[in-house]
Structures are given as C-alpha cells and as structure tokens.
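Work through the exercises below with the sequence and the 3D view side by side. Try each task before reading its solution.

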Amino acid sequence: MATVQTTRGEMNEADLVKKEGAIETDREFTKWVEYWVDDELVHRSVHVHLKQAPALFPELEKING
Amino acid sequence: MANSQALCTSFKVEILGGVHAIGTPPTRATTAKDTFKAALFEATASLGAGTTTYSTSGEVTGAGYSAGGITVTNGTAPTSSGTTAYWTPSASLTYSNVTLTTAFDAVLIYNSSQGDKAVAVYTFGSQTVTSGTFVLTMPTNDSSTALLRIA
C-alpha cells in the first residue's frame with residue numbers, strides 16, 4: 001500500500017484525497033500534487049521543469065555582428 | 001577571405017571556465033572547480049540583476065530547508081555550439097521533505113567558493129510546499145535553452 005509523507009506523519013494514500021494540477025508557460029512546465037484530509041492540506045509537492053533560461057549577455061551579440 | 005569582428009566563442013567558454021582574469025583575480029585555495037549553490041527566495045523578495053551576493057534576506061524558511069540552499073551538481077563542463085557558450089547543472093535541484101508555507105518564486109544560483117557571489121536568478125510560478133518535495137528540473141543543456149548562455 002502506497003504511503004505519503006504528510007504533516008501528520010506517514011499516511012496511507014488511500015486515506016487521503018489527492019488533487020493534481022499542471023500549468024505550462026513558455027518558460028516552465030509545472031506539476032503539483034496535493035493530499036488533503038477533510039479541509040486540511042497535509043502534503044504538497046511541486047515539480048518545476050524550466051524550459052528555457054534567458055540568455056546572459058545578449059548584448060554581446062551586437063559585437064558579433 | 002575577410003576579417004569579421006567577433007567575440008571569440010572559445011573566450012565565451014573560457015569565461016565560464018574561469019580562464020581569463022581581466023580584473024584582479026580572486027585567490028583560489030585549490031585548482032578544483034568552484035562549488036555553486038541554489039537558494040530559494042520568497043515571492044516578496046527583490047532579487048534580480050542587481051543582486052551581487054547571496055543573503056538570507058528574503059530567503060525561504062521552513063522545516064527541512066537549510067539556509068543557503070543546496071549544492072548544484074556540476075558534472076558537465078561548459079561548452080559551445082555555434083557562437084554560444086553554455087552550461088547547465090547536470091542534475092535537477094531537489095529540496096526533499098520540506099515545508100515552505102510562504103510563497104516563493106525564485107532560485108538564486110551563487111558561488112559558495114567565491115564569497116557567495118551571485119551568478120543568476122531564475123523565476124517561476126509562485127509555489128508553496130507542505131511536507132513534500134520541490135524539484136526544479138533544468139532546461140536542456142544546449143545553445144538555445146541552457147541555464148547559463150553567453151550568446
């Protein structure tokens with residue numbers, strides 16, 4: 001049986017309400033998972049995948065012209 | 001043939017490798033690579049281009065998180081493609097079993113071997129974590145998406 005680390009300690013996943021979500025922008029793809037007991041959030045994990053970082057020193061491109 | 005004005009691509013790679021000291025170079029205790037760290041900052045902080053060094057001001061606090069953040073895995077040497085030099089940490093940044101209840105939206109990469117000097121700030125959608133894990137997966141290490149790129 002799968003367990004989840006929560007604010008109440010290790011709990012069986014079957015005893016929790018699971019909520020998941022995701023959002024995608026031009027810079028990141030993010031997923032999160034939450035576990036709830038009644039109205040109490042007991043676990044939230046987030047995975048942010050950076051798609052592209054801004055270039056450093058783009059002004060140097062002018063020199064390369 | 002004709003000459004063409006350019007910032008040499010090899011120089012860009014060597015900047016990332018610390019080869020050139022145009023200013024007064026720091027005193028290095030060893031010839032080993034520097035250690036870089038990644039610290040998370042609350043959405044109300046004001047990090048940006050003006051950030052010069054790591055500071056705890058505005059840094060997240062919470063169970064399981066140590067001030068200063070975590071060490072960045074640096075297993076890939078800087079390289080280049082075309083005229084762009086680039087480098088990306090070789091592993092995701094993973095903050096395991098933390099509780100960060102105040103919203104955060106930025107990570108500061110800094111050089112803990114050189115006086116905690118700032119390298120770059122990256123922002124993302126505001127998040128909180130509760131008894132969970134925050135993973136920041138790096139972009140593809142290439143000339144168009146790498147974490148550090150000198151174009």
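This is a predicted model: local features need pLDDT of at least 70, side-chain atom pairs count only at pLDDT 80 or more; totals for chains, interfaces and linings use all residues.

**Exercise 1.** List the secondary structure elements of chain B in order and describe the extent of the chain.

*Solution.* 
Step 1: Count the elements. Chain B has one helix and seven strands.
Step 2: Starting at the N terminus, the pattern is α-β-β-β-β-β-β-β.
Step 3: Consider the extent. Along the principal axes, the C-alpha atoms of chain B fill a box of roughly 60 × 35 × 25 Å.
Step 4: Look at the contacts in chain B with a separation of 6 or more. Residues 24 or more positions apart account for 70% of them.

**Exercise 2.** Work out the strand order of the open sheet of three strands in chain B, and find what lies across these strands.

*Solution.* 
Step 1: Read the order. The strands are arranged β3-β4-β7 (chain B), and their pairing is antiparallel.
Step 2: Find the edges. Strands β3 (79-81) and β7 (148-150) of chain B each pair on one side only, which makes them the edge strands.
Step 3: Examine one pair. Strand β4 (residues 84-87) of chain B is joined to β7(B) by three bridges. B:W87 has B:L148 in β7(B) as its bridge partner.
Step 4: Helix α1 (residues 9-16) of chain B lies across β3, β4 and β7 of chain B, at about 20 degrees to β4(B).

**Exercise 3.** Which elements give two or more residues to the largest nonpolar core?

*Solution.* 
Step 1: Start with the core itself. The largest nonpolar core has 35 residues, and B:A39, B:F41, B:A106, B:V107 and B:L108 have the most contacts inside it.
Step 2: Name the elements. They are β5 (40-50) of chain A, and β1 (36-42), β4, β5 (93-111), β6 (117-137) and β7 of chain B.
Step 3: Find the main contributor. β5(B) gives the most, with ten residues.
Step 4: Inspect one residue. Leaving out residues up to four places away in sequence, B:F41 touches B:L47, B:G58, B:E59, B:V60, B:F104, B:A106 and B:L108.

**Exercise 4.** Describe the side of chain A that touches chain B.

*Solution.* 
Step 1: Count both sides. The contact takes 27 residues from chain A and 28 residues from chain B.
Step 2: Name the elements of chain A that give two or more residues: β1 (3-6), β4 (28-37), β5 and α1 (60-64).
Step 3: Find the main contributor. β5(A) gives the most to this side, with ten residues.
Step 4: Sort by class. This side of chain A has 13 nonpolar, ten polar and four charged residues.

Conventions. Residues are numbered from 1 along each chain as its sequence is written. Chains are lettered from A and ligands numbered from 1 in the order in which they are written. Two strands pair if DSSP finds at least two bridges between them. Helices (H or I, at least four residues) and strands (E, at least two) are DSSP runs, numbered from the N terminus. Two residues are in contact if their C-beta atoms, placed from the backbone, lie within 7 Å. Axes are lines fitted to C-alpha atoms, for helices over the stretch in contact, and angles run from 0 to 180 degrees between N-to-C directions. A nonpolar core is a set of buried Ala, Val, Leu, Ile, Met, Phe, Trp, Tyr and Cys residues joined through C-beta atoms within 7 Å. A residue is buried if 20 or more other C-beta atoms lie within 10 Å of its own, exposed if 12 or fewer, and partly exposed in between; C-beta atoms are placed from the backbone. Ala, Val, Leu, Ile, Met, Phe, Trp, Tyr, Cys and Pro count as nonpolar, Asp, Glu, Lys and Arg as charged, and the others, Gly among them, as polar.
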